[in-house]
Amino acid sequence: MALLPILEFPDTRLRTVAKPVTVFDDALAQLAKDMLETMYAAPGIGLAASQVNHHIRMLVLDLSEDQSAPQILINPQIEKVSAETKTYDEGCLSVPGFYETVERTDVIRVTAQDLQGKPFTLEADGLLSVCIQHEVDHLDGKLFVDYLSSLKRNRIKTKLEKLHRANA
Ligand code: QAP
Ligand code: CO
């Protein structure tokens, strides 16, 4: 059991493109466990390995109210099912205190592997779809603030930098 430190915007390590997972061992299972614990403690509903400075393609999420439905997605691949888009007020554990509207594909199909390396597919819409797209963006070094105007993004950057200096 371990709480992992979460990288915060504008930390450039969040821009790292994560590498595919090739070894499904105990260390991977332990990292997934620690990521879930870190996410629950925050509290949050989704966390990508990139956010805890592990640059491998794994993410965890749990949309339940009572931490009863943890999901682990390894090497996720997203396929857009609908051309339709929806907006959602997104936040991020790496951008604490800021929420902004982001537009994304509504329905997606996701192929991923579990901790044993076994492939599975799921279809998602609504919050699950938003969450998976947001977390897979992290694995590609992308953040939700990248979808905002540069004015909004820079305001957030300046405020967080100020907070980080005050906490240093
Ligand atoms: C990503 O986000 C997400 O600012 C997961 O102060 C966002 O868990 C998926 C959090 C929107 C779907 C929709 C954010 C916690 C948690 C904060 C999170 C904060 C404390 C964010
Ligand atoms: Co995030």
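Colleague: Why does Lys86 count as partly exposed?

Modeller: Lys86 has 46% relative accessibility, and the label covers what lies between buried (under 20% relative accessible area) and exposed (over 50%), with a 1.4 Å probe and protein chains only. So Lys86 counts as partly exposed. Bear in mind that this is a predicted model, where local features need pLDDT of at least 70, side-chain atom pairs count only at pLDDT 80 or more, and totals for chains, interfaces and linings use all residues. Residues are numbered from 1 along each chain as its sequence is written, chains are lettered from A and ligands numbered from 1 in the order in which they are written, and side-chain values use heavy atoms, with hydrogens and water left out.

Colleague: Happy with that. What makes the meeting of Lys86 and Asp106 a salt bridge?

Modeller: Their side chains come to 3.2 Å, N to O, and the criterion is a side-chain nitrogen of Lys or Arg within 4 Å of a carboxyl oxygen of Asp or Glu. Lys86 belongs to strand E4 (residues 85-90) and Asp106 to the loop between E5 and E6, so the pair links parts of the chain 20 residues apart. Strands here are DSSP runs of E with at least two residues, helices are runs of H or I with at least four, and both are numbered from the N terminus.

Colleague: And Asp106 itself, buried or exposed?

Modeller: Buried, because its relative accessible area is 10%.

Colleague: What makes Thr105 buried?

Modeller: Thr105, found in strand E5 (residues 100-105), has a relative accessible area of 10%, so Thr105 is buried. Leaving aside neighbours within four places in sequence, Thr105 is in contact (heavy atoms within 4.5 Å) with Lys80, Ser82, Glu84, Thr85, Ser129 and Gln133.

Colleague: How do you know that Arg109 and Glu79 form a salt bridge?

Modeller: Their closest N and O atoms are 3.0 Å apart. Arg109 lies in strand E6 and Glu79 in strand E3, so the pair ties together parts that are 30 residues apart in sequence. Arg109 is partly exposed at 30% relative accessibility, and Glu79 is partly exposed at 43%. Glu79, Arg109 and Glu123 are linked in a network of salt bridges.

Colleague: Why do you say that strands E6 and E7 pair?

Modeller: Pairing requires that DSSP finds at least two bridges between two strands. Strand E6 (residues 108-113) and E7 have six, in the antiparallel sense, so they pair.

Colleague: What makes E1 and E7 edge strands?

Modeller: The open sheet has five strands in the order E1-E2-E3-E6-E7, with antiparallel pairing. Strand E1 (46-48) and strand E7 (119-124) each have a single partner strand, so one side of each is left without a neighbour in the sheet. E1 is joined to strand E2 (residues 58-61) by three bridges, and Ala48 has Leu59 as its bridge partner in E2.

Colleague: Last one: why is Leu127 called partly exposed?

Modeller: Leu127, in helix H2 (residues 126-139), has a relative accessible area of 31%, so Leu127 is partly exposed.
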